[in-house]
Amino acid sequence: MCEKLKAVEYTIRIKSNSRLEELAADVVKTIKKDKQKVVTFYKDFLYQAVSWDKPRRIIAKIEQYPDELFPRVGFIVTNLKWGDKKVVNFYNKRGTCEQWIKEGKYALNWTRLSCHRFVENEARLKLFIMAYNLGNFVRTLALPEGIKHWSLRSIQLKLIKIGGRLIKHARYYGLLLAETVINHKIFSGLLANIREI
């Protein structure tokens with residue numbers, strides 16, 4: 001379909017099969033393991049599946065991790081004329097975008113558009129997106145380095161929905177929080193970052 005519309009360029013992950021593995025085998029066999037870092041190689045070749053009307057360009061990405069016995073091999077079919085590494089990086093950015101969409105779906109349930117009219121569902125989706133952006137804004141500016149990588153769902157469960165008790169003394173209030181996830185150091189860093197904002 002994408003090829004019929006000549007202006008459309010695509011990168012699509014393709015499931016591994018014995019023929020694809022055979023075409024990438026020469027690189028897989030020669031890859032040397034490094035004890036310090038991930039070793040990555042790329043190979044492109046033409047491949048035609050049974051259901052395809054013509055051969056298409058396939059890029060194999062072969063990664064050997066220091067602590068793994070066998071290399072990881074992934075395949076992408078594309079009509080882009082770029083270099084192998086550039087195509088894989090482009091595909092990975094698309095995957096990152098899909099992760100953000102999935103994060104929004106699970107953290108905010110933004111697929112729950114149960115109104116009967118399109119305009120109302122559109123307004124509801126925009127509110128979800130504003131809440132998602134606000135969550136990312138808070139994550140970027142307020143969270144200490146140790147937990148900045150947390151997903152919005154983790155932030156909800158481990159920071160917002162955390163169990164606690166407010167205790168009133170004669171001269172001050174005390175907040176007792178469950179220390180199963182957030183320890184004193186992380187909580188102090190969070191408060192310090194909020195004060196700076």
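**Close-up 1. A salt bridge between K126 and E122 in helix α3.** In this predicted model, the side chains of K126 and E122 meet in a salt bridge (a side-chain nitrogen of Lys or Arg within 4 Å of a carboxyl oxygen of Asp or Glu) at 3.4 Å, N to O. Both residues belong to α3 (residues 118-142), four residues apart, about one turn of the helix; helices are DSSP runs of H or I with at least four residues, strands are runs of E with at least two, and both are numbered from the N terminus. K126 is partly exposed at 49% relative accessible area, and E122 is likewise partly exposed at 33% (buried means under 20%, exposed over 50%, partly exposed in between, with a 1.4 Å probe and protein chains only).

**Close-up 2. The salt bridge of D84 with R57.** The closest N and O atoms of D84 and R57 are 2.8 Å apart. D84 lies in helix α2 (residues 84-108) and R57 in strand β3, so the pair ties together parts that are 27 residues apart in sequence. Both D84 and R57 are buried, and D44, R57 and D84 are linked in a network of salt bridges.

**Close-up 3. E22 and R19 in helix α1.** A salt bridge joins the side chains of E22 and R19 (2.8 Å, N to O), which lie three residues apart, about one turn of the helix. E22 is exposed, with a relative accessible area of 54%, whereas R19 is partly exposed at 40%.

**Notes.** Residues are numbered from 1 along each chain as its sequence is written. Local features need pLDDT of at least 70, side-chain atom pairs count only at pLDDT 80 or more, and totals for chains, interfaces and linings use all residues, while side-chain values use heavy atoms, with hydrogens and water left out.
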